Amino acid sequence: MRLDQLKLLLLLERYGTLSAVAKELNTTQSTISYNLKELERELDTALFIREGNHLKFSPKGRQLIPHIENIEQAKKNILNIAKKTLADNVLSGNMLIGYDSHSCGKFLVEALIQLKKDFSGITASMDRAEYNTLIEKITYKEFNAGVIQTNSLNEVEILNLILSHSLNHQILFSEDIFFVAGEQHPLCKKEHCTLAELMQYQFVTSKKFSENLYTKFLQKNGNNKPILFIPDYQSQHKLLEQCSYITFMPYTAYHETVINYKYKLKIINIDDFVCKSNYWLLSSNNQSSAEQEMLSALYHSMQTLLSEKK
């Protein structure tokens, strides 16, 4: 016996006909009729007197109405208590969250807005720093926590740094990283290419602190061309459209650029290279119970936000 089946009796009492109930619930009369018959079968009682396509409550069926109304009221009471508990939540305090990339900052802002709605007593602010500085500040409690972005090019190095500082770390989500160029770039016209073919071209990046990371990767693979650093995305994308440059780009950034800003960019399919971007939530081990609760609330806020975006 399900509450939604019992609720059908209330709606039938209110609206009088199956067709009216079906319209209210945006479903079919046959679906409602089936659920009512299932309810009668389970109760082993005739709840209706059927006259053709019309239903009238039997005496026993009508006796159920006040009891079902009590169940509905109890459900409303439960929801009201839950809402009041949330509104009266005593969780409060100040949080300073570090982040190391534009991508992290973007979804972190949205998560903190949601957190503020759920827990009005929490005051949260953000501070951007390179990942090594961020890890130091979390270790010495200058930051309550941090969100960092790693990828296949630097993840081992960063995770070793996290472990050496004995920080808590849990992954928030992962995404693919692609090589991207203007849609008329020679490599975009091919179905697939190799990493060696890619290394013939110059790279551009908008992230100053990623410059050394990309330089190491390119030099390791035989590309000694200097990376061109362009601080703003618009100028970077214009250069990509000139088909002389290539960049690294996480899937979400690529999707946002192409869909929202109508840039004519294209992913280059590489046969012999796979790169992942992971986003981590970091915190120290020696937190108070209040800090632990706030960080748990922050984690769930981010997880809710990210699951809605998928």
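## The largest pocket

The largest pocket holds about 1,300 Å³ of space. A pocket here is an open set of points on a 1 Å grid over the protein atoms alone, where a 1.4 Å probe fits, with protein on both sides within 12 Å along at least five of seven lines; lining residues have an atom within 4 Å of a point. The volume is the space filled by probe spheres set on the points.

This is a predicted model, in which local features need pLDDT of at least 70 and side-chain atom pairs count only at pLDDT 80 or more, while totals for chains, interfaces and linings use all residues. Residues are numbered from 1 along each chain as its sequence is written, and side-chain values use heavy atoms, without hydrogens and water.

Of the 49 lining residues, Ser103, Pro250, Thr252, Ala253 and Tyr279 lie nearest the centre. Helix H11 (residues 251-261) gives the largest share of this lining, 9 residues; helices are DSSP runs of H or I with at least four residues, and strands are runs of E with at least two.

## The second largest pocket

About 150 Å³ of space lies in the second largest pocket. Strand S6 (168-182) gives the most to its lining, with 4 residues, and strand S10 (265-268) supplies at least two. Among the lining residues are Phe178, Phe179, Ile267 and Ile268.

## Helices H1 and H3

The axes of H1 (residues 3-15) and H3 (residues 29-43) come within 9 Å and cross at roughly 115°, which makes H1 roughly perpendicular to H3 (65 to 115 degrees). Axes are lines fitted to C-alpha atoms over the stretch in contact, with angles from 0 to 180 degrees between N-to-C directions.

Key: Angles under 35 degrees count as roughly parallel, over 145 as roughly antiparallel, 65 to 115 as roughly perpendicular and the rest as oblique.
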